[in-house]
Amino acid sequence: MHLMYFTEQPMSAYPEQAGRDFGATALMFSNKHFDPVAGSRLYNDYIEQYMLAEEVGVDGIMLNEHHNAPFCMQAKANIFAAILAGMTKKVKIVMLGNPLPLAENPIRLAEELAMIDMISKGRLVSGFVRGGGQEQLATGVNPAFNRERFEEAHELVVRAWTQTGPFRFEGNHYQHRVVNPWAVPLQKPYPRVWIPGVISKETIIWAAQQRYPYIALNTSIEQTKKIWELYDSVAADVGYVGGPENRGYLIQVHVSDNEEKAIENARQFRWMQGEFTGLAHPVWSTPSGYGSGQRRAGESGGFAHLHQADRQGSLPGDPGDRQEPRPQEPVRGQCAGPPQVLDRPETL
Amino acid sequence: MAGVDWTDSAIEVGGAKLHLKRAGKGRPVVVLHHETGTLDHLPFYDALAAHYDVLVPHHPGYSRSERPTWMRSVRDIAVIHRGLLSDLKIKDAALVGLGFGGWIAAEMASMAPADLSYLVLVGAMGIKPPQGDILDLAITGYIDYARAGFHDQKAFDRLYGAEPSIDQLEMWDICREMSFRIAWKPYMYSQTLPHLLGAVRAPALVVWGDDDRVVPQSAAARYVEALPNTRLEIVKASGHCVDMEQPEALAKLVTDFISQG
């Protein structure tokens with residue numbers, strides 16, 4: 001099994017009540033609540049945590065990014081990846097991942113990742129994500145072309161890594177007349193790619209088609225089983241057998257001297273209105289065109305849920321469409337089944 | 001104005017399949033609807049159909065017209081609608097553009113067709129307002145956004161119901177996605193349109209609700225400045241959707257303007 005350490009790098013220093021009053025803790029939640037002094041302290045704390053994680057022997061450190069959100073201070077995962085590339089010695093740098101559609105120039109992304117791979121001496125795992133709905137809005141990227149941009153940027157990055165330049169790329173969303181990045185990755189043919197996700201069927205299918213491992217993020221046991229079923233069936237269609245090496249899972253674990261302390265620790269960890277990613281606003285988290293058309297057909301109740309939220313109503317200019325905070329209690333002594341055994345990545 | 005006999009037809013123009021509603025006799029008047037799509041029947045449409053041959057094409061990707069996935073700009077819609085008028089052999093049409101439809105109408109007029117008779121722009125998007133910003137669909141709830149178009153919420157309730165149906169919300173979502181596909185950045189305006197409007201030959205009327213919270217009234221002045229032959233009318237007690245909130249007042253403004261020639 002390959003064990004990785006992950007923190008969202010939350011900004012724990014803002015008034016909780018302000019979030020509750022506003023009704024959402026992302027996108028339009030004002031950055032007047034951000035405290036750069038606390039931010040500076042926290043960023044450095046996180047570096048210390050990462051160094052300790054390596055010291056105690058985790059196999060990898062997972063990084064991600066979000067925008068306009070107190071639950072994640074990483075606005076650019078590549079920055080911490082670069083820091084870790086220079087400061088750590090052994091851990092895999094597992095990016096889960098770079099939001100491809102947010103890139104206006106995927107070649108720059110390919111260059112940055114190639115640099116991280118070389119500086120870390122081949123320790124990069126370059127995961128890619130679509131980015132949540134509100135990430136598109138926070139960066140001004142059109143949510144209606146999210147999946148198209150994801151697939152096209154992926155193609156361009158992989159080609160920039162593997163195809164000898166110079167060449168020309170004329171896509172629907174990306175056009176680059178000269179693709180010839182001087183820096184290319186150390187790992188060949190290119191750094192391993194893992195795809196994290198929550199529920200999106202299309203992403204699971206796409207990952208299985210590419211033979212990229214799929215990392216289920218904190219999904220329920222039932223959902224997780226369905227994810228592996230779907231992945232394996234697509235793998236069979238493509239012509240390989242899906243196995244543990246194709247599977248990853250993110251779970252929140254709280255360890256302490258005794259159960260009581262662990263539960264208390266977990267409660268404190270979940271202080272942010274009890275939500276994994278703060279208080280969501282359905283219209284921002286699922287902008288029109290971001291999800292699949294199936295959402296409209298009412299599959300899994302997604303759109304109906306959105307409607308309900310919309311119907312609660314509010315004044316224009318308000319965050320609107322409020323959802324009551326649903327405190328999520330830590331689950332005692334439970335884990336998502338026996339841990340999947342992941343093959344240790346081949347030595348580089 | 002009950003009893004107006006509307007016909008429905010599906011017409012293929014260029015790379016788009018359009019749904020067209022049509023009623024009445026006389027001078028052709030083309031009404032271009034909002035980015036929230038259009039209801040099938042509106043008192044404003046009926047009022048115009050009492051005097052004119054009224055055509056309400058559903059924009060590609062909105063309401064009952066299919067979404068052409070290739071479209072990338074509002075000008076694409078304007079070209080398709082120009083094609084529709086040519087296919088239907090409609091000459092000397094007057095264009096009445098409502099909000100987002102006003103942008104489309106302005107784009108159509110900017111192509112300087114010799115046979116355009118009148119141009120009416122009502123709370124038109126398409127130009128960057130010198131003061132204020134056009135309300136952002138992307139961060140506003142479906143109902144909040146639709147309601148923002150009304151000065152008096154009772155007018156909204158009468159048309160959509162106090163609790164709009166799931167079908168209506170779904171339709172707003174479909175329309176919203178199309179707006180993102182063609183008007184995402186810059187959001188709901190063109191940087192070149194103001195410079196093209198100088199070529200418009202037809203007389204124009206610019207109408208704005210006095211309580212427009214969707215498109216700031218400052219944009220009205222910019223339209224008046226850009227169009228060679230135009231005047232401005234402000235409708236009292238009206239939000240952005242003048243056609244839905246003050247249908248009689250707007251119909252009167254339009255008919256008076258068109259009958260002047």
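Predicted model: local features only at pLDDT ≥ 70, side-chain atom pairs only at ≥ 80, totals over all residues.
Residues are numbered from 1 along each chain as its sequence is written, and chains are lettered from A and ligands numbered from 1 in the order in which they are written.

**View 1. The open sheet β7-β8-β9 of chain A has three strands with parallel pairing.** Strands (E, at least two residues) and helices (H or I, at least four) are DSSP runs numbered from the N terminus; two strands pair if DSSP finds at least two bridges between them. The edge strands, each pairing on one side only, are β7 (195–197) and β9 (247–250) of chain A. Neighbouring strands are turned by 25 degrees against each other on average, direction ignored. β7(A) and β8(A) (residues 214–217) are joined in the parallel sense over three bridges, and A:Pro196 has A:Ile215 in β8(A) as its bridge partner.

**View 2. Helix α7 (residues 201–210) of chain A lies across β7 and β8 of chain A.** α7(A) runs at about 160 degrees to β7(A). Helix α8 (residues 221–238) of chain A packs on the sheet and touches β8 and β9 of chain A, its direction making about 160 degrees with that of β8(A). Axes are lines fitted to C-alpha atoms, for helices over the stretch in contact, and angles run from 0 to 180 degrees between N-to-C directions. Two residues are in contact if their C-beta atoms, placed from the backbone, lie within 7 Å.

**View 3. Helices α2 (residues 74–87) and α3 (residues 100–110) of chain B pack with their axes 8 Å apart.** The angle between them is about 65 degrees, so α2(B) and α3(B) are roughly perpendicular to each other (65 to 115 degrees). Residues of α2(B) including B:Ile77, B:Ala78 and B:His81 meet residues of α3(B), among them B:Trp103 and B:Ile104.

**View 4. Helix α5 (residues 153–160) of chain B has the buried residues B:Ala155, B:Phe156 and B:Tyr160.** A residue is buried if 20 or more other C-beta atoms, placed from the backbone, lie within 10 Å of its own, exposed if 12 or fewer, and partly exposed in between. The three cover an arc of only 105 degrees around the axis, which puts them on the same side of α5(B); the arc is that of the directions from the helix axis to the C-beta atoms. Their cover includes α4 (142–148), α6 (166–183) and α9 (242–245) of chain B. B:Gly161 follows α5(B) and has a positive phi, near 85 degrees.

Note on methods
Parallel < 35°, antiparallel > 145°, perpendicular 65-115°, else oblique.
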